[in-house]
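Back at the screen today, notebook open. I wanted to look at aromatic rings first, then at pockets.

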Amino acid sequence: MSQAIFLPFYLGFLAWLCVFCVKAEDPYKYFTFVVTYGQISPLGVPQRGILINGQFPAPTIDCVTNDNVIVNVINKLDEPFLITWNGIKQRKASWQDGVLGTNCPIPANSNWTYQMQMKDQIGSYSYFPSTKMHRASGGFGAINIRQRSVIFVPYLKPVEEFTLLISDWWKSDHKVLSQTLDSGKPLPMADGLLINGRVSSTSFTAQGGQLYMFRVSNVALTTSVNFRIQNHTLTLVETEGSHTLQESYESFDLHVGQSASFLVKLNAPVKDYFIVASTRFTKPTLTATGILHYAGSQSKASLPLPVGPTYHIHWSMKQARTIRWNLTANAARPNPQGSYHYGTIPVTRTIVLANSEVNINGKLRYAVNQVSYVNPTTPLKIADYYNIPGVFNANSLKDTPPSFSPIFGVSVLSFTLHDYAEIVFQNNENTIQSWHLDGYDFWTVGYGSGVWNTTLRKRFYNLNDATTRNTVQVYPKSWSSILVSLDNKGMWNLRSAIWPRRYLGQELYIRVWNDEKSYRTEYDIPENALRCGLAPPK
């Protein structure tokens, strides 16, 4: 009798448990990206572009912290193709990173499905093709990750969000640009600058008196930009997943690969105003404009455009030092950002990476510590997983700039899981650099002129409230320093975000490893993983 009474309660408990488990799982969002060629005319000249679902720029991915994002990429181009998700950490899953060191490219007229989780992330990010020079023809889009409803954000909720992608542009398509680089010649300066794929006709309609968020990403190949809105103030609230102290700016520099979010209060008279992006450190200066249209406005935006900086290296470095972490605010997690005291953690290893323009076999190349990277036919991650010899050697790159002549190579730095590294980017060239690390964000602790040495830590390092980012600029004849907690096992691309330099060898991989084979530290190779090179068949 007691068993008969207990049975309904037991079955009811199991039913509740099943429902609870289903509801407890993080949501899934599914996307299909059909990649094709199509005619576009960003600069008024018809040319072949790369479209996703017929769109240029590509569709925006809107999601929430911890969402599982499934993207089926159907490649209808005439050559292999990959997309990388700039700033998405791919926790325990470098298999999903979408670069040639981790993935075999998707063959022409084939497909592959990325399975990603936006684990413990918020903020403004982007995605773009990582293969060859494809991104010079399009295929780039935005990723906006919003906070979970239970997480407080340290600013007033805007009535609407606007997404802006700023890109430089050439009238030649990616194959022509590739041929230029392959011949040993540098790319010419871009022919124009675009906001959301247009030089001057992007428009945003908003209500006067209201608060709006502008999510802005620099998806250019080569060019730092300055962003500003005529007669309006930009209040910085987030950079690549970090909530910042809410400083106000008349204009703001975004370097190649960087993203930021601004709050803008529409408190100007009702009319139209110019949104302006202009190139930095270039001659001549390229400019793109959009329109902020106040609802009910009958007056067009009027010249002159708001003035922005042009070269002014010291101005940009000084501004970069004003970007600070909001120590009391949470980000994707409920604990305050400042509860992680990054400046007190002992550094286990210091790496100094010097970029250089070199000549190898009579052709232009770019190198890191005198090694110009060449992609092997087998992805490094697959070679590592299957212990395939001859693909790469751990620590094949020197920790500091060597004195030997530049060479081709497969550059890998190997670290133990949970190492805490200091990486110094030394730029002895006359052009600005931009460096991106997949799989991580890092603390941008210092910028300075000249050649870095250990005594500069005390003078220039911010060990209290530097923001975390995934992309850092290095000014001409200068250095930038980062601290990174290597807590994400995998094979991670550290590359020049300036794409022609990356195309010609300015990149390497960071191998973060331990001997434990466990889902607690890294997921297994996906069942749908593509095979190429020396990879064994399924």
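My entries on rings and pockets follow.

I'm working from a predicted model, where local features need pLDDT of at least 70, side-chain atom pairs count only at pLDDT 80 or more, and totals for chains, interfaces and linings use all residues. Residues are numbered from 1 along each chain as its sequence is written, and side-chain values use heavy atoms, with hydrogens and water left out.

Rings. I found 32 aromatic pairs (ring centres of Phe, Tyr or Trp, the latter by its six-membered ring, within 6.5 Å; planes under 30 degrees apart are stacked, over 60 edge-to-face, the rest tilted). Phe 31 and Phe 33 sit edge-to-face, 6.4 Å centre to centre with 65° between the planes. I noted Phe 33 as buried because its relative accessibility is 1% (buried means under 20% relative accessible area with a 1.4 Å probe, protein chains only). Both Phe 31 and Phe 33 belong to one aromatic cluster with Trp 85, Trp 112, Tyr 114 and Tyr 127.

Then I looked up Phe 162 and Phe 204, a tilted pair at 5.0 Å and 45°. Phe 162 is in strand 9 and Phe 204 in strand 11, 42 residues apart (strands are DSSP runs of E, at least two residues, numbered from the N terminus). I have Phe 162 and Phe 204 both down as buried.

Pockets. I checked what lies nearest the centre of the largest pocket: Lys 89, Asp 120, Arg 333, Tyr 340 and Asp 441, out of 27 lining residues (a pocket is an open set of points on a 1 Å grid where a 1.4 Å probe fits, with protein on both sides within 12 Å along at least five of seven lines; lining residues have an atom within 4 Å of a point).

Key:
Buried means under 20% relative accessible area, exposed over 50%, partly exposed in between (1.4 Å probe, protein chains only). Helices (H or I, at least four residues) and strands (E, at least two) are DSSP runs, numbered from the N terminus.
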